[in-house]
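Biologist: Could you show me how to read a structure of this kind, starting with its strands and ending with its ligand?

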Amino acid sequence: MAPPAHPEEAVSETAPTPSTPRAASTTPGRVVALHPDGDARGELATGELVRVPGGVPGDVGAFTITHRGKNATWARLAEVTTPSPDRVAAPCPVVAECGGCPWQMVAPAAQREARLAFLREGLGDALAEATVHPTVTSQAPGGYRTRALMVLRHVGGALRLGFYAPRTNDLVPAEGCAVQHPRLNAALAAARDVLAKTDLATWRSEDRPGHIRALAMKLDPTTGDGLLTLVVTRDDPRFDRLAPLLQAIPGVAGVHLCRNDAPAGPLLSGAARRLSGASRLTLHLGAVTVQVGPLAFVQTHHAVAAAMIDAVLELAPAAVAHVADLYAGVGVFGLALRDRAGAVTLVEASPDATRDARANASRLPGAAHVKVVEGDAAALAAGVLRGGADELVVLDPPRAGCRPEVLAAVAAKRPGTLIYASCSPRSLARDAAALNEAGYVLRDLVPLEMFPHTPHLEVVAKLTLR
Ligand SMILES: C[S@@+](CC[C@H](N)C(=O)[O-])C[C@H]1O[C@@H](n2cnc3c(N)ncnc32)[C@H](O)[C@@H]1O
């Protein structure tokens, strides 16, 4: 199964079009709340509770049951008779088909309130001794993404860019994207136009293989420059001939090729090769400047990523003997903390990100005491952690949260302070409960609006030993 093009914002349902004419079999009802999976909860006049894609709390209207599942019934909002005061026009014309940003029709303040409520609900008693700090809000709810990945596909003879529809590898063609930075939209469209003049076939599935699959780009919004990456199934000298045309696109600082012929899994993985221009993109993220290559992780939202580093610095102790930054990426947190520590160890599984982290550590002043280790945090944590009150462990795992071995290593070594950066309040709640068992108390939480128009929330949390 192909991944959705916005992996962080993937949701389980497709939103309806609220203006669909009323069908014969409708039931009156209202939307009562948002749901953490990206849709909304509704209550029909019959008393039946339903899940409503595209609903906004406060909407009153007519609902059509679309699916009765084991745990929930789904309904389409066939007609909105009285729109919620929080209903706004969705800026994206393919909001219903793409599914990447399911809350676009919800006013930003109501989105924010719901995300915070889900965080509080999820963490429950774990918050008893915690201060929840004000949410760091996104100044630009539209055009905020400074990292993009769009699928390429021939549709009716024309080369189109778009996103995978939820849980399929069907293309939802899109001319740009309302949440991507305009510079990314323009550069990706220009790159698509270059490729459209070739006879390179697009990949559809294992049964219908092709040569080109997707375009990705990371952007520094402060300079307008970015790294463009063409995802292909196999290398070919034609890509070298196309490189000057792609490099000439405004905003393209470097052009890279990523070879990935795996039918499933993340598109932007495999082997990368530089075709022209810059090898890495320089990003000034608040207190730290890093360079990042085409395949290494970088946060989706540049301004909020910088605020996240500020939050980590705010919550971290002023001086420690050792910082262990597990799931380190290109090293943003560990490197930002280098002046506060006698030693810093970065652990990262991706060879590409590890290479970038090593280059960053060797380039930055005052980072001679930073060691970068490539490997699985689950296998390495027990060996890397030194333990004791003057150790700070930074955890910033993928959405699934920390592996149990990592939590077990923390429980065994008992470092004094943990900073846990999470993009999933559910995983954070599970891991915080396990850490609580080991004697850690959640002290502070800083919510950050990394993904406007989605239910997802980034959180930086501080835990200390009781
Ligand atoms: C959410 S990103 C955070 C990266 C970094 N802290 C940042 O903010 O840019 C998670 C990182 O963990 C890495 N990763 C995933 N699984 C891992 C594992 N089992 N062990 C170590 N690193 C892992 C990913 O490659 C990715 O760079």
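Predicted model: local features only at pLDDT ≥ 70, side-chain atom pairs only at ≥ 80, totals over all residues.

Biologist: Which strands does strand 7 join, and do they run parallel or antiparallel?

Modeller: Strands of a sheet pair through backbone hydrogen bonds, in a parallel or an antiparallel sense. Strands here are DSSP runs (E, at least two residues; helices are H or I, at least four), numbered from the N terminus, and two strands pair if DSSP finds at least two bridges between them. Strand 7 is joined to strand 10 (residues 212-220) by 5 bridges, and the two run antiparallel, with Arg147 opposite Lys218. Strand 7 is also joined by 5 bridges to strand 8 (residues 158-164), again antiparallel, and there His154 has Leu159 as its bridge partner. Strands 7 and 8 form a hairpin with 2 residues between them, and Gly156 in the turn has a positive phi of about 55°.

Biologist: How many residues of strand 7 are buried?

Modeller: Buried means under 20% relative accessible area, exposed over 50%, and partly exposed in between, with a 1.4 Å probe and protein chains only. In strand 7 (residues 147-155), 7 of the 9 residues are buried, so this strand is largely enclosed by the rest of the structure. Strand 11 (residues 225-232) is mostly covered, with 7 of its 8 residues buried.

Biologist: What does strand 11 pair with?

Modeller: Strand 11 pairs with strand 10 over 8 bridges in the antiparallel sense, with Ala214 opposite Val231; in the hairpin of these strands, which has 4 residues between them, Gly224 takes a positive phi near 80°. Strand 11 is also joined to strand 12 (residues 252-259) by 7 bridges, but those two run parallel, and Gly226 stands opposite Val252. Strand 11, helix 4 (residues 237-247) and strand 12 make a right-handed β-α-β unit; right-handed means that, with the strands pointing away from the viewer, the path from the first strand over the helix to the second runs clockwise.

Biologist: What is the strand order in the open sheet?

Modeller: The open sheet has 8 strands in the order 6-21-22-20-19-16-17-18, with mixed pairing. Strand 6 (131-132) and strand 18 (370-374) stand at the edges with a single partner strand each, so one side of each is left without a neighbour in the sheet. Strand 19 (residues 388-395) is joined to strand 20 (residues 415-422) by 5 bridges in parallel, with Val394 opposite Ile419.

Biologist: Which residues come nearest to the ligand?

Modeller: A residue is near a molecule if one of its heavy atoms lies within 4 Å of it. Of the 16 residues around the ligand, Glu348, Ala349, Asp376, Ala377 and Asp396 come nearest. A nitrogen atom of the ligand is 2.8 Å from an N or O atom in the side chain of Asp376, and a backbone N or O atom of Ala377 lies 2.8 Å from a nitrogen atom of the ligand.

Key
Residues numbered from 1 in each chain as written. Heavy atoms only, no water. Polar contact = N/O pair within 3.5 Å; in protein donor to acceptor, adjacent residues only side chain to side chain.
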